[in-house]
Amino acid sequence: MIFGFAAEGGVTPDATKIVGPNACAECHKQEAEAWKGTHHFKTFREMPRNTQANEIAEKMGVRRIKSESLCLNCHFTVQQKDDKEEPVAGISCESCHGAGREWIKVHSGFSGKKEQTETKAEEEARWKLAESKGMIRTHSIYQLAKNCYGCHVVPEEDLVNKGGHRAGSDFELVSWSQGEVRHNTWYSKGKDNVPASAERKRMLYLVGLGVELETALRAVGKATARKPYAFEMAKRADAARKQLAAAAKAAPNVPEIAKLVEFANSAGLKLNNEGSLTAAADGVSKLLVSITEKYDGSTMAGLDSMIPGPDKFKGTVRAAGAAK
């Protein structure tokens with residue numbers, strides 16, 4: 001288990017715009033039931049009682065885990081209530097999909113019509129408007145991955161070096177997104193918790209590797225001391241660029257992967273090199289956005305042997321139709 005807060009580029013939802021998971025569950029009952037079986041849900045009650053978490057908090061001078069932002073941004077959903085920010089859930093819908101106050105009615109409103117009478121053009125305009133108001137939809141793989149890695153790779157040096165926090169989890173986007181957190185039940189009306197297609201898994205794998213690299217490069221650039229944080233982040237960056245080099249060979253028809261490797265090797269993984277490392281990370285970021293706009297995974301079959309299978313998925317996938 002890790003205890004941290006959102007990294008640069010990840011989204012820390014605006015507490016004044018959080019509606020809370022109950023508002024989402026009004027329509028997304030199956031998805032909410034899947035969430036309740038995850039560690040994301042359980043952290044709300046379990047983390048404040050966790051011995052390791054409290055030891056880390058004590059070292060960092062955090063007196064109450066549920067009331068200080070060092071822990072809140074990653075492990076809880078925080079909502080503004082009157083003049084006070086209050087954790088209302090663990091890692092929930094808006095942790096991944098963005099604070100919903102401005103888009104929740106837009107995304108579910110069918111342009112003011114019934115679902116059956118909304119035109120295709122109206123539907124497209126509705127989704128565009130919802131996204132402009134902060135909704136992160138499932139097709140936005142890069143932004144979703146940024147949110148994941150924003151917490152699964154710890155961005156705070158002192159939290160590791162002083163607090164004894166792990167530098168991050170052994171995170172990989174396919175195996176984690178297809179495990180216990182999978183809640184792809186909407187379009188089947190709860191009849192099936194649909195796994196990602198082969199094409200989407202390829203995109204998840206590649207973009208996930210890229211965001212791992214980007215996040216680690218930025219972290220090495222921010223590191224100030226030759227201590228565990230810097231070493232662990234350099235190891236993450238090195239492992240990611242080696243995996244991407246293998247991916248470039250496996251899918252030579254996607255030249256952007258080789259370009260990612262070029263950026264990865266353009267800056268030394270060392271202290272006092274923030275400018276070069278940040279420039280490399282920025283290059284990786286722009287390329288990843290370009291990849292998500294240009295490709296859909298259909299031409300990346302060469303990556304299939306590298307992608308974790310169901311035996312590597314994290315946690316038990318919730319069976320469809322299990323809600324009462």
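Is Glu86 buried, partly exposed or exposed? I found Glu86 to be partly exposed, at 33% relative accessibility; the classes are buried under 20% relative accessible area, exposed over 50% and partly exposed in between, with a 1.4 Å probe and protein chains only.

**Basis of the entries.** I note that this is a predicted model, in which local features need pLDDT of at least 70, side-chain atom pairs count only at pLDDT 80 or more, and totals for chains, interfaces and linings use all residues. Residues are numbered from 1 along each chain as its sequence is written, and side-chain values use heavy atoms, with hydrogens and water left out.

**Entry 1, salt bridges.** I looked up the total and found 17 salt bridges in the structure, each being a side-chain nitrogen of Lys or Arg within 4 Å of a carboxyl oxygen of Asp or Glu. Glu86 is bridged to Lys81, with 3.9 Å between the closest N and O atoms. Lys81 is partly exposed, its relative accessible area being 35%.

I then turned to Lys36 and Glu33, whose side chains form a salt bridge at 3.6 Å, N to O. They stand 3 residues apart in helix α2 (residues 29–36), about one helical turn. Helices here are DSSP runs of H or I with at least four residues, strands are runs of E with at least two, and both are numbered from the N terminus. Lys36 is partly exposed at 40%, and Glu33 is partly exposed at 34%.

In helix α14 (residues 255–264) I found Glu262 and Lys259, 3 residues apart, about one turn of the helix. Their side chains meet in a salt bridge of 3.4 Å, N to O. Lys259 is partly exposed, with 38% relative accessibility. I also recorded one network of salt bridges with shared partners, which joins Lys146, Glu214, Arg218 and Asp282.

I examined strands β1 (residues 77–81) and β2 (residues 84–89), which run antiparallel and are joined by 5 bridges; strands count as paired if DSSP finds at least two bridges between them. Thr77 has Ala89 in β2 as its bridge partner. The hairpin has 2 residues between the strands, and Asp82 there takes a positive phi near 60 degrees. Asp82 is exposed, at 75% relative accessibility.

I noted a positive phi of about 60 degrees in Asn272 as well, although it is not a glycine. Asn272 lies in the loop between α14 and α15 and is exposed, with a relative accessible area of 79%.

How do α12 (residues 198–222) and α13 (residues 228–250) pack, and at what angle? I read an angle of about 150 degrees, with the axes 8 Å apart; axes are lines fitted to C-alpha atoms, for helices over the stretch in contact, and angles run from 0 to 180 degrees between N-to-C directions. Among the residues that meet are Leu206, Leu209 and Leu213 in α12, and Met233, Ala237 and Leu244 in α13; contact means heavy atoms within 4.5 Å.

I located Met300 in the segment after α15 (274–294). Met300 is buried, at 0% relative accessibility. Leaving aside neighbours within four places in sequence, I found Met300 in contact with Arg202, Met203, Leu206, Val254, Ile291 and Tyr295. The C-alpha atoms of Met300 and Ala251 are 5.9 Å apart, although 49 residues separate the two along the chain.
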